[in-house]
Amino acid sequence: MSNYFDDFPEENPKNGVGKQFNFELAQYFREQQESSDEATSEIITLEEASKALIEQEEREQRELKLEFLSRIEECPHCNETELNIYHFTRELFRYECQCCGIYGNGINEAEAYQAMLLAIEEGFDWRKHQVAL
Ligand SMILES: [Zn+2]
């Protein structure tokens, strides 16, 4: 069904720019708006993709870390039984509370424990201060 404004687009109030009727300019603005919408949705898609990638990497890192989990003890800081003790290598030990976030690394358990006690005083949180394993 033919619309009156299809034949006389310059009379369509939707094509109004300011107080003048300017079909081409209105068309131009519409196209600009559409391409800007496309760019925005592309950015959102990219952000979602990189966010998903980061989440996947974090999940994989958590799973990988669990392979080195030696045992879980009570945390001397928050008293929750969420103090993970990792034996990553023969000379890399790590205490890491999943609840309050304190942590300490050392070449043996005693040293890692001391480092963690120091972290309590310093207020370190492994979730905020990401360090290489
Ligand atoms: Zn804790």
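**The sheet and its helix**

Modeller: Two strands count as paired here if DSSP finds at least two bridges between them. Helices (H or I, at least four residues) and strands (E, at least two) are DSSP runs, numbered from the N terminus. Please keep in mind that this is a predicted model, in which local features need pLDDT of at least 70 and side-chain atom pairs count only at pLDDT 80 or more, while totals for chains, interfaces and linings use all residues. Residue numbers start from 1 along each chain as its sequence is written.

For orientation, the protein chain holds three helices and six strands, and along the sequence they follow the pattern α-β-β-α-β-β-β-β-α. Four of the strands form an open sheet in the order β3-β4-β5-β6, with antiparallel pairing. At the edges stand β3 and β6, each with a single partner strand, so one side of each has no neighbour in the sheet. From one strand to the next, the twist averages 15°. As background, strands of a sheet pair through backbone hydrogen bonds, either parallel or antiparallel.

Now let's go across the sheet pair by pair. Four bridges link β3 and β4 in the antiparallel sense, and here R71 stands opposite I85 in β4. The loop between β3 (69-73) and β4 (83-89) holds N79. The phi of N79 is positive, near 65°, although N79 is not a glycine. N79 is also exposed, with 11 other C-beta atoms within 10 Å. On this scale a residue is buried if 20 or more other C-beta atoms lie within 10 Å of its own, exposed if 12 or fewer, and partly exposed in between, with C-beta atoms placed from the backbone.

From β4 to β5, the chain turns through a hairpin of two residues. In this pair, H87 has F93 of β5 as its bridge partner. β5 is mostly covered, as five of its six residues are buried. To put that in context, buried residues make up 12% of the 133 residues in the protein chain.

α3 (residues 109-122) has 14 residues and reaches 20 Å from its first C-alpha to its last, close to the 20 Å expected at 1.5 Å a residue; the expected span is 1.5 Å times one less than the number of residues.

Within α3, the buried residues include A112, M116 and A119. They cover an arc of only 55° around the axis, which puts them on the same side of α3; the arc is that of the directions from the helix axis to the C-beta atoms. In general, an α-helix has 3.6 residues a turn, so residues three or four places apart point the same way. The buried residues of α3 pack against β5 (92-97) and β6 (103-106). On the other side of α3, you will find A110, L118 and E121 exposed.

After α3 comes G123, with a positive phi near 75°. W126 sits in the segment that follows α3 and is buried, with 20 other C-beta atoms within 10 Å. Leaving aside neighbours within four places in sequence, W126 is in contact (C-beta atoms, placed from the backbone, within 7 Å) with E96, G101 and Y103. The C-alpha atoms of W126 and Q98 are separated by 9.1 Å, although the two are 28 residues apart along the chain.

K128 belongs to that segment after α3 too, but K128 is exposed, with 8 other C-beta atoms within 10 Å. Its C-alpha atom is separated by 8.4 Å from that of G101, which is 27 residues away along the chain.

Technical notes. Contact = placed C-beta atoms within 7 Å. Axes fitted to C-alpha atoms, helices over the stretch in contact; angles between N-to-C directions.
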